Structure formats: structure tokens, C-alpha cells
Amino acid sequence: MEPGERSSQQIRQVLLLFVFLGGTSVYSETWSYSVAEEAEIGFCIANIIKDMGSRVSVEDLAARGARVIFDDYKSYLRLDLQTGNLLLNEQLDREALCGTTEPCILHFHVLLENPLQFFRAELSLLVGDINDHSPEFPEKEMTLKISENSPPGTVFLLKKAQDLDVGINNIQNYNISPNFHFHVSIRNQGDDRKHPELVLDKELDREEQSEFRLTLTALDGGSPPRSGTAKIRVLVMDVNDNAPAFAQTLYEVQVPENTPLGTLIVKVSARDLDIGTNAEISYSLYSSQEIGKTFELSSSSGEVRLIKLLDFETIPSYELDIEASDGGGLSGKCSVSIKVLDVNDNSPEITISSLISSIPENSPETEVALFKTRDRDSGENGKMVCSIQDDIPFALKPSVENFYRLVTEGALDRETTAQYNITITVTDLGTPRLKTQHTITVLVSDVNDNAPTFTQSSYTLSVPENNSPALHIGSVSATDSDSGTNAQLTYSLLPPPHDPLPGLASLVSINADTGQLFALRALDYEALRAFEFRVRATDRGAPPLSGQARVRVRVLDANDNAPFVLHPLQNASAPCTELLPRAAQPGYLLTKVVAVDADAGQNAWLSFQLLQASEPGLFSVWAHSGEVRTARPPGERDAPRQRLLVLVRDNGQPPLSASVTLHVLLVDGFSQPHLPGPEAAAERAQADPLTGPLVVALASVSSLFLCWLLLFVALRLCGRSGRAALPGCPAPEGPFPGQLLDVSRAGTLAHSYQYEVCLTGDSQDNEFQFLKPAFPNILGKDSGRKSDGNPNFQNNLGM
């Protein structure tokens, strides 16, 4: 039979089993191959594709990671993934692999992954032995003491030779050098062991020949045969007709494998009925070299002690042959059978076949590892339980041949746990229980499943008006629970959803990387007091996720607007003249200076001060209301024309101010200077050349008053605040705000007044001013003062 070819006398038996266990396919087939011992590396044993048939193709071998696994995890063979050839990976030594076991068979499996498939059938590799060892005797010279009265046919036990080869290459025959007294016979025992025996053919005569020297040759059955020799020294002894006899021909002992060195295993005992030297018994051990290295026999006491640790997994039993020889050369023999008992001295083993160290989150039912467990003990000591810790989202799924699959149990969340240390614990059922642990580290890779989140849902920022362009006004910040590029954020601006702010891009900008906000131009509190917009943070994942936050920017007022005087108007070509009756009492309300400030807060708090007056003691100005009142009754010596300079100042830092000039005309009564009688007309005309123009002016004012009263009613019907002026009543020139004055906020009046002023568009003098409270019921007190101070004033106006 050629090496590498299937044995002709062995029939290949194929048994196909389909086992569906957790999605795993298992096949069972058996093939037998043979190869010559110590064949060259790379020798082709067979092609497994032919044996597997159509289930697996050559392309599947590489794609599915096909490999050969031996029971002892050594790589005796390797699989060529390109051709499917099973090649010899190292030279095989039958004696090293199997010892004396016959036949020598190595078992291995074929494993394919993705999906996981096992060819459970054992691919049996038969290793053919070659005759590379010669027989060897344990001793080069054996000494036999034979009594001279030994009858022909007496058999003497010889030490057998050892041959590491097996089968036909083992020892087949013994012969002895030619002589007239002895020949060699072979005794076959039940375990196919051949023991040489020296047989006496002719009676001995010590006086004729006291010693014989013979050569014993052991021959094996190899081609060509090998041989080994040993010398036999035969000493002819004096008559000794009683041979030693053992108490038992077979001793059976059971010894635990963890028995300590020096322990007494068994004690054999033989008895000789002779006396003297013929009754002195010595014991000797006739066994293999391995047994001689493991046990020690006391030649005098027959005690067998342990000199080498036992291992049930290596050698489960021993057979000892012991001979007892007396001083006269007679001997007896017995056998000792030692059975090694298994103890739980081997911890379970874990072998990882495949491992995925990193898996993406949100991936349920993912296979992480494939491993196999093994315990070299037997019985209950070899049964195992495999487990992992309970507080992790992983599960163990048993497969076949003690293989296990470690899979995820549900989706993982990297933001909760980014790394798992999985401890695989394998415990046997022996006493005491032994366990082995192996830790696998699994990293959870990130998936973009978390949107950016701002630290605040809304931000409020403040910026002073008249700021410098590109001023940093604040920052927004967002975080992303993901990692890597999934956590890299980009910021951008969004207009408000319901009230889009025009020109937002010209007001503010945002740093896309840091979230810093900048004002692009100077802001004006009076034009824009506050505005809102939204910012968005977008990550760089695929697909990208985003989050939003609201930002409100408040413009802080600066004192950049001086007070503006509404009444009396200062842009008229002719000065405004107030009439003061000479009968006015102290506290008489002459007029009220009305002013506004476009600023806000304390920057719009106004105070009034009388700077100059023709008669310093005649008038006073209330600091908070702007009311100009008499401090004393007008006297005859007071000039008829008075000039007052009133200063209006805000409360800003630094304060800004404006001034207004009032012209006051002292009159005896409203009708006397303007409506003189016939008797005094000429006299007054001579005394005062202005009397005529004043009368005309007063009549004009009365007429205009009626016209403006009608216009006022029309304006009131159209709405007074925030509406456009009528075509016949254009707004006066100057920086008037939309809302002329809210005295409750500006602080210019003590009471809640609101005024509206309308001037004629075609009047060059702009002499008429109309002043009326928006809420007349609040002015009852001041109205009473006016009526009491000058009753003619009401009558002359026709009210």
C-alpha cells in the first residue's frame, strides 16, 4: 500500500447528520488515511473536497475560514485553501504520538464559519509505522542460577526485549546461540506480549560444567529485520529442590493519581521451603523501562513504592511482573495490576477560535466569539459548566463538541457603556471543583444616534448700543453624547419661526466651530431694542443630527439722545408768548414745558430748572413736572414783558440737556389788552403802538382756535397714538418720536398726561399751540387752579 492512499482493506463509511442547533449545521463523516512514518513535510494525504462532495466548494474554503482542528490542538496537518489538499505539516513519529498503542490513529475535525458548520465525522488519520527501531534488552547481561538437579523441560523466565515499533515491526521471535543444554521458547500472553523463556533440554552436571555463557537474540518482523542481543550467564547451582512460591499469583491495586512519591503501593510475599541459602529470597522486577522509572521494588522486602508521579490522563494502568528467587537459583513469579484512579487535578481549558473585539452599538444578536472548552479528567471530573456574569447584555449559546457562541443579547448603547469586560468561567463537576476564567474585552463602536443638546434651551444676551462692529456678545454651547466625528458640532443661525427678522445676517454672526456670537454692526436702542433668533448645532454623523436653542439679544440703552422740547415749540420763526394776568396769585400755572427723551430708563428721567428770568423771584419751575408757576403776585413794577430760560436735563451719564425760552406778557385781563373800549382805544394806541396788532392777533388766534378744535376732534376719532396725521395737519419738523410722550415713564409730569401737538403746515408764524390733557378727569385739580386764578381766561376762550 503506497503512503497517502486509502487503505484497500478499510471501507470508508460516511454518516451524514444534520443537527440544527442555534443556526449551526453539523455533518458527521469518517475517512481513513495512512501515511508512512516520517514522511516528508508537504506530503499530500488526500483532497477533502472530493470527500465532502457538493456541500462545500474550493471557493468556500477560503471564504469561510476552513481549518483543521486536532483534539490536542496541534497542527500535524494543514489544509490548502486553494486546492482542498490535506498536506503533512510536520514529520510524524509514531512512537512519540502513540507509544505502543496499535493502531496509531489521530483524530481531527474540519471547521467552517460564516455560517458556522462542523463536519462532526472524525477524519481518522492512520499513521503507518516503519521499522526504525531495533529491539533492546533492559540489561546487556542476565545471570541465571540453575540447580544441577533441574529436570529437562524446566523453564526459566528471561527478561524480554523492548521494541518501540508496533505491529509486524515489533519483536516476533527470540533465539539463542547454539548449545546442547538449552533452547528458547516464546510464551504469548493475552496482551500479545511475547516473553522469552529458557528451556532446559538436558540435565546439568555442575562438576562437568559449572557455567554457561549464551547469547539471546530478539528479532522483529521488519524488512529487513532488526535484532538486539543480550548475554546470558548460567550458573549451575547445587541442589535446591524447592522454588519460591508467592502467596498470590495476581495482585490487584487501585491507586489515586495524586498519590505522593514514596508511597507503598503493594507488598508481595513469596515463601521457600528450603533452608539456608536456598531459602533466601530476593525479588526482582521484570517490566518495561517506563514501569521501572515509575515504581521501585525492594529486593529484600518485596515492597513496591512510587518513585514517579502518576497521571491518569497519560497512563491509566500498569502491569508489573515480579520474580522471587531463592539462594539455590529457583524462582517463582507473580503479576501486579495497578489501576490509576482519576482525581480532579486538571482545570478546564478554554480555546478561542474566533473573536470580534469591536462591535457597533444598536446591533442585536451579533456573534462576538466562538470558543471550545475541554477538561482532561474523566467521569464527573470531566463534566463542565460554562457561564458568564449576569449584569451584561451578552449570552452564551452552546453548540456541538463543547463549542460555545458568545452573542449580544439586545442592542448595545455606547453612551451608557463603551466597553465590556466579559469573563468566561468554566467549572467542572469534580471534587473539589476546579474552574478556569478567561476575560474578553469588547469595545462598542459609536453610531450617530444622539442629537446635539444645548446647555440651555434659551439664552439672553445683552449688548450696549453704539457698540463697535464685530463685538463678541456671548456664546452658545451644545454637547453631543456620541464620539468622534459624530460628536463634532457645527453652529449656524436660524431666523425665528413665526416672526422672521429681516437682515439677521447683517446684525449677528456665529462662529461655526465655537458657537461665539458677534454683533456685525453698531446697534441703536432707539431703532431696535431687542431681537430674537435661533441657533442650530449640527453634528457630522451620517445622517447628521441637530438641535436648536433660542437666543434673545437685548440692546442696552446709552445716553446718546438729548431731551427734545415738545412745548413750547422752538422752531417757530416768532417766539411763543404766554399771557399772565396781573391778578394771578402765587402758584398760578402759567404754562408747562413738555419734553421727551428718546432714551430709556434713567437716561430718560428729565428734570427742569429755571436758568434765567427777567424777574428772578416772580416765577418758579417745578423740577419734575416742568410746570411754570408764579412764585408771587405780579407787581406794578414788574415789566410787562418777561423772558424765561428753562433748562431740561436728563439723568444719563454724562447728562445731556436742552433749553427753551419762554416769553411772558403781563396783562390786566385777557380782554383789556386785546379788546379795548372806544374811549381808551385812542389813548392806548398812543401809549402802546403794539395794541392794534395784538388785537388782530388775538382775533386771529380765536378764529384759528375754532378751526383747530374741529381738527382736534377729527384726529381724536382717527386715533391719537401711532397713527398718521391728517392731510391738513402735518407733523412738525424735528426729531419727534412715534409716541410723543408717556409722562408716566419719562417722569416729566407729576400726573399721567399725554399730549398731542399739531401745527398748521402753511403758517409761517406757527403762533398757535394747543395743549390738552389726554385724560381730562385727572386734571381736575389744575383746572380748578386755572379757573380760580383768572376767571376771564375761561370766558374769553368761550368755554
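**Sheets, strands and selected residues**

β35 and β39, the latter covering residues 516-519, pair in the antiparallel sense over 4 bridges. They are part of an open sheet of 3 strands, ordered β35-β39-β38, with antiparallel pairing. At its edges are β35 (471-475) and β38 (508-510), each of which pairs on one side only. From one strand to the next, the twist averages 30 degrees.

How many of the 799 residues, as a percentage, count as buried? The figure is 41%. The protein exposes about 40800 Å², and carbon and sulfur atoms supply 51% of that area. As to contacts between residues at least 6 apart in sequence, 66% of them join residues at least 24 apart.

β17 runs parallel to strand β24 (residues 331-341), and 7 bridges join the two. Within β24, Leu341 is the residue opposite Pro256.

In general, the strands of a sheet pair through backbone hydrogen bonds, and they do so either parallel or antiparallel.

My next subject is strand β31, residues 419-428. Of its 10 residues, 8 are buried, so the strand is largely enclosed by the rest of the structure.

β31 pairs with strand β32 (residues 435-445) in the antiparallel sense over 9 bridges. The two form a hairpin, with 6 residues between them. β31 also pairs with strand β28 (residues 384-387), again in the antiparallel sense, over 4 bridges.

Which residue of β31 is the bridge partner of Ser387? That partner is Thr425. Thr425 also stands opposite Gln437 in β32. Cys386, for its part, has Val426 of β31 as its bridge partner.

As a rule, side chains in a regular strand alternate between the two faces of the sheet. In β28, Met384 and Cys386 make up the covered face, while Val385 and Ser387 make up the uncovered one.

Met237 has its place in strand β15, residues 227-237. Is Met237 buried or partly exposed? It counts as partly exposed because its relative accessibility is 22%, whereas buried means under 20%. Beyond its neighbours within four places in sequence, Met237 is in contact with Lys145, Ile146, Ser147, Glu148, Arg206, Gly327 and Gly328. Gly328 lies 91 residues from Met237 along the chain, yet their C-alpha atoms are separated by 6.2 Å.

The second residue is Ala631, found in the loop between β48 (627-630) and β49 (641-650). Its relative accessibility is 41%, so Ala631 counts as partly exposed. Once neighbours within four places in sequence are set aside, Ala631 contacts Pro586, Gly617, Leu618 and Phe619. The C-alpha atoms of Ala631 and Phe619 are 5.0 Å apart, with the two residues 12 places from each other along the chain.

Leu709 is partly exposed, since its relative accessible area is 34%. Together with Val713 and Leu717, Leu709 forms a nonpolar patch on the surface. The accessible area of these three residues together is about 290 Å².

To close, I return to the strand pairs. In this predicted model, β35 and β39 pair in the antiparallel sense, whereas β17 and β24 run parallel. β31 is largely enclosed and forms a hairpin with β32. Thank you for your attention.

Technical notes
Residues are numbered from 1 along each chain as its sequence is written. This is a predicted model: local features need pLDDT of at least 70, side-chain atom pairs count only at pLDDT 80 or more; totals for chains, interfaces and linings use all residues. Side-chain values use heavy atoms; hydrogens and water are left out. Two strands pair if DSSP finds at least two bridges between them. Axes are lines fitted to C-alpha atoms, for helices over the stretch in contact, and angles run from 0 to 180 degrees between N-to-C directions. Patches are made of residues with over 30% relative accessible area and no salt bridge: like charges are joined within 9 Å, nonpolar side chains (Val, Leu, Ile, Met, Phe, Trp, Tyr) within 5 Å. Accessible areas come from the Shrake-Rupley method with a 1.4 Å probe; for residues, only the protein chains shown count as cover. A salt bridge is a side-chain nitrogen of Lys or Arg within 4 Å of a carboxyl oxygen of Asp or Glu. Buried means under 20% relative accessible area, exposed over 50%, partly exposed in between (1.4 Å probe, protein chains only). Contact means heavy atoms within 4.5 Å.
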